[in-house]
Amino acid sequence: MNLNEGPGRICAAAEPANSPLGAIQFAVIAATQSGNALLVAEMVAARLTLRGAERVCLVGEGEYPAAALAQSDVLVACVASHGDGDVPDGFLETYQALIAERPDLSHLRYGLIGLGDRTYATFCGGAWKVDALLGQLGARRVGDPCTIDASIQPFADEEALAWLEAWLRGL
Ligand SMILES: Cc1cc2nc3c(=O)[nH]c(=O)nc-3n(C[C@H](O)[C@H](O)[C@H](O)COP(=O)(O)O)c2cc1C
């Protein structure tokens, strides 16, 4: 099955040939409520393309990522927190479906970008829930997560992209 057939948008076109990222199938997930994580996910997908990734699938709010996760080598999960350290409402159905269906993600490596606010007691709680679930499904996290504190960082994309550049070197 081609990623084009499932939910998610193919947003990458081939850039520099011979990039080590060119052979990797990436998925980028946005779990967002008010748009910050989606902006970050879009910027991450664009940066991956710029760095030579030829296959990047951006999975937005309300799009079930099963096909993209099954077919990808590497995931970047951009996850905001809402409620009391919960995943965003728009991602809850996906989160619960993954728990229920328990797809085998042992082929998948991932990086985690958590968007939160340290004035809440459960800083980035939603991102940690997704991190735990991915681990239970067999996916292997690469490197430390990027946790972005909206109370001191108004430019989430800048912090995420700085993290991404360093994280890609560890892939
Ligand atoms: C009603 C509400 C509840 C929130 N709850 C949390 C929380 O429990 N933990 C946390 O770290 N951040 C919390 N935040 C902060 C958001 O995660 C942060 O603003 C993030 O950038 C929002 O991303 P989004 O625009 O992608 O939804 C909350 C924000 C709002 C408005």
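The following questions and answers concern a predicted model and the reasons for the terms applied to it.

Residues are numbered from 1 along each chain as its sequence is written. In this predicted model, local features need pLDDT of at least 70 and side-chain atom pairs count only at pLDDT 80 or more, while totals for chains, interfaces and linings use all residues.

Q: What is the average pLDDT of the protein, and where is the pLDDT below 50?
A: pLDDT is the predictor's confidence in each residue, from 0 to 100. The protein averages 91, and 90% of the residues score at least 70. Over residues 1-7, however, the pLDDT is below 50; this stretch has 16 contacts in the model beyond near neighbours in sequence, a contact being two residues whose C-beta atoms, placed from the backbone, lie within 7 Å. Where pLDDT is low, the predicted coordinates should not be read in detail.

Q: Why is Cys124 called buried?
A: A residue is buried if 20 or more other C-beta atoms lie within 10 Å of its own, exposed if 12 or fewer, and partly exposed in between, with C-beta atoms placed from the backbone. Cys124 has 26 other C-beta atoms within 10 Å and therefore counts as buried. Cys124 lies in the loop between β5 and α4 (125-136), and its phi is positive, about 55°, although it is not a glycine.

Q: Why does Arg102 count as exposed?
A: Arg102 has 12 C-beta neighbours inside 10 Å, so it counts as exposed. Its place is in the loop between α3 (89-101) and β5. The phi of Arg102 is near 45°, a positive value in a residue other than glycine.

Q: What makes Phe91 a buried residue?
A: Phe91 is buried because 25 other C-beta atoms lie within 10 Å. This residue lies in helix α3; helices (H or I, at least four residues) and strands (E, at least two) are DSSP runs, numbered from the N terminus. Leaving aside neighbours within four places in sequence, Phe91 is in contact with Ala31 and Glu61.

Q: Why is strand β4 described as largely enclosed by the rest of the structure?
A: Seven of the seven residues of β4 (residues 74-80) are buried, so the description applies. Val74, Val76, Cys78 and Ala80 on one side and Leu75, Ala77 and Val79 on the other are all buried, which covers both faces.

Q: What makes the path from β2 to β3 a β-α-β crossover, and what is its hand?
A: The chain crosses from β2 through α1 to β3, and this crossover is right-handed: with the strands pointing away from the viewer, the path from the first strand over the helix to the second runs clockwise. β2 (residues 25-31) and β3 pair in the parallel sense over five bridges. β4, α3 and β5 also make a right-handed β-α-β unit.

Q: Which residues are closest to the ligand?
A: Ser34, Asn36, Ala37, Ala80 and Gly116 are the closest of the 22 residues that surround the ligand; a residue is near a molecule or strand if its C-beta atom, placed from the backbone, lies within 6 Å of it. α1 (36-50) and β5 (109-116) are the elements that give two or more residues to this shell.

Key. Pairing = 2+ DSSP bridges.
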